[in-house]
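My notes follow the order in which I looked things up.

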Amino acid sequence: MNEKVLQTLEYNKIIDQLVSFASSPSGREFCQNLKPQTDRDWIEASQKETSDALTHILTKGELSFYGIQDIRPSLKRLEIGSSLGSHELLDIAKLLSAAASVKNYFRQALREDDSTGDSLDERYQLIEPLSPLMQEIRRCIPEHDVIADDASTGLAQVRRQLKLTNDRIHEQLNSILSSSARSMLQDSIITMRNGRYCLPVKAEYRSSFRGMLHDQSATGSTLFIEPAAVVKLNNDIRQLELQEQEEIDKILADLSNLAADQSFFLAQDYRVLCELDFIFARAMLSKKMRGTRPLFPAEGYIEIKKGRHPLIDEKKVVPIDIHIGKDFSLLVVTGPNTGGKTVSLKTVGLFCLMGQAGLHIPAFDNSCLKIFDEIYADIGDEQSIEQSLSTFSSHMVNTVSILEKADSNSLVLFDELGAGTDPTEGAALATAILANLHKRGCLVMATTHYSELKLYALQTPDVQNACCEFDVSTLQPTYRLLIGIPGKSNAFAISGKLGLSPEIIEDAKERVSSDAQNFEDVLSDLEASRIKLEQEHKTISENRKEISLLKKELREKTEKLEQSREKILQNANQEASRILAEAKNVADDTIRKYTKWAKSDRHIQEMEKERAELRNRMNKHQNQSGSKPQKRKKKSLKASDLMIGSNVHILTLNADGTVSTLPNEKGDLFVQAGLLRTQVNIKDLELLPEEKPKPTEKRHSGSGKIRIDKAASVHQEVNLIGMTVDEAMPVLNKYLDDAYLAHMTQVTVIHGRGTGALRKAVHQQLARLKYVKSYRLGEFGEGDMGVTIVTFK
């Protein structure tokens, strides 16, 4: 790819951003040297690497390559047998520490087959942390220029002797400072000269103070003398320091030999880590730009969805949709100045460069790019890096160069083609240039203000118009690129808004040729129709969203109501079951008591007390449910209205009975209600109407009469729910006999789900009956497993 287009489309600024994300020297070098490629396999592989690295960053966080130094010179020295210094060995330890960190980072994504499963897997497998070597270097060299005392036994012994000797020297010198010789000293301090301990002695005592002279002050009044008592000790220190350096050299040589043994893996680790640093830098750039991986279809076309120029502030950039190469190969972009035409050109060109360099583009998913052998751009505006292409001649020089090289696998970008000369000649020349490139099969985008080029795009197959939208009412561009619609320069409208006299504008309009004016009027009508259609489409979209929202709310409300309904029914069924069970228990208990009391009149008071308690409990439940018992309209009875055997209704017990005795003077009498004989007052009674005599029926005899009676009384189903097996079997047998005698072909036995014991007993009984042809569990809508359908022979 030619260097000029990289500068023109500001690809180098993208590379500068990429370099800022790399940490290692070679990683930054890879970034700096990244250029667009034309090999499809390389491009696809690089794009996949960037995508896989971005996936790792988004799922596990960023990966740091900080601290990696270039160890290649050190490895060269190891090859020839040299020993490395502490700095070089620490750089190797840092590299191995980074290798261990990267290895652990990828280990989080391992599968059972010890593989990350993506394009980075091979590099991950090659990393060798060499932990023993790193730990040994760290143990011996904890920091720069520091060798640990325990790096070797010999070093530890030498440093111990050094400390003891230093202590003895300080003892000797301190004794001199505290002796009578103190008066000979300029200061009571111990100093060093030429690596030996000395004392500052006054010059006049030079002959009286025994020792070796090493230095004197600038004025000559102070002499720095090594006392004779410490000369031997200073010599010992010097000897020990030489031994210390020998031990350090041995340690560094041993560490260098260990590193030399692993030089192959060290070189491999450095190479792999720098490559990963380069790949993750591309992923970090994609994350910053909110980029996506572009597709490269074999058909070779460009389709950018919501593309954003990466060098424009994300808060200000307006995404554009643009496509070329599928339905047409030449796009003529028109519109007012500062409307976004040049940005659209640069966006397409820069996206193609980035895509072919393995970088993601800031666009929507599944945007497509074509792989070009070469990209040419003649863009000479204030946004260009080079400002020299501002005259017609300079533009033409570029154009001639492009015409010499462009072919069917080239992308050509022209900004203001034919500008800078006579409009008529410039328009004709621009049209001829575009026609020539179109014949060659190049993909071409060109911006212009010439109406002739708009007409050329309208009249030529495989050529399309586009425009950058401009709001005349606000004099502000919207930066939206609209393909298929030629744009207007809006010079008259903009001039009028800026205050140019209407008379001058009208005069200018009259000077425009009728054909050009008619063409501009057509464009105005098209623009008005487009805006109207967009507004209607926007309204329809908003209505659809509102309808969708209302449907969603209705669905949610319906679901909530259904859930509430089911919950209410469930609670009601549970409460009803509880009430029925309680009522059954109370009724059973009461019947037992009344049966016992009915055998004797001595328990009348207990019966009345029990009756009152029952009535109170019933009233309490009725009050809790919010309902009141319906009062029956009764007719006041007199003693003369009753006779023994009269049928009456006892209001307080809500039961029917028969008069056993006539009322006394207080109106009290005995009434027989089933097994219960109770004393009540006439005010609590209501006379029941006498039953009308049944009409005379034709009597039947034998089996015919039985069948008629059964047919009139047998139901289609029998309900055994709530019964035990012992209670249910007699009821079932009687029902089945009656149903069979009534010539019913099919009946339903309701036994419920429960534990299944009752269902099992029913099926066993049905299997024994000879007149049962078949039986089966109910289907959906019949009661499912809660019922059994019986068919008779």
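I noted that the model is predicted, with local features needing pLDDT of at least 70, side-chain atom pairs counting only at pLDDT 80 or more, and totals for chains, interfaces and linings using all residues. Residues are numbered from 1 along each chain as its sequence is written, and side-chain values use heavy atoms, without hydrogens and water.

Helix pair. I looked up α6 (residues 86-107) and α11 (residues 263-289), whose axes come within 10 Å and cross at roughly 55 degrees. Helices are DSSP runs (H or I, at least four residues) and strands likewise (E, at least two), numbered from the N terminus. Axes are lines fitted to C-alpha atoms, for helices over the stretch in contact, with angles from 0 to 180 degrees between N-to-C directions. I then listed the contacts (heavy atoms within 4.5 Å): α6 residues including Ile-92, Leu-95 and Phe-106 meet α11 residues including Leu-266, Asp-269 and Phe-280. The residues of this contact divide into 13 nonpolar, no polar and one charged; here Ala, Val, Leu, Ile, Met, Phe, Trp, Tyr, Cys and Pro count as nonpolar, Asp, Glu, Lys and Arg as charged, and the others, Gly among them, as polar.

Sheet. I found four strands in an open antiparallel sheet, ordered β1-β2-β4-β3; strands pair if DSSP finds at least two bridges between them. β1 (191-193) and β3 (211-216) each have a single partner strand, so one side of each lacks a neighbour in the sheet. Three bridges join β1 to β2 (residues 196-202), and Thr-191 has Cys-198 in β2 as its bridge partner. I also recorded that helix α10 (residues 231-261) lies across β2, β3 and β4, at about 145 degrees to β2.
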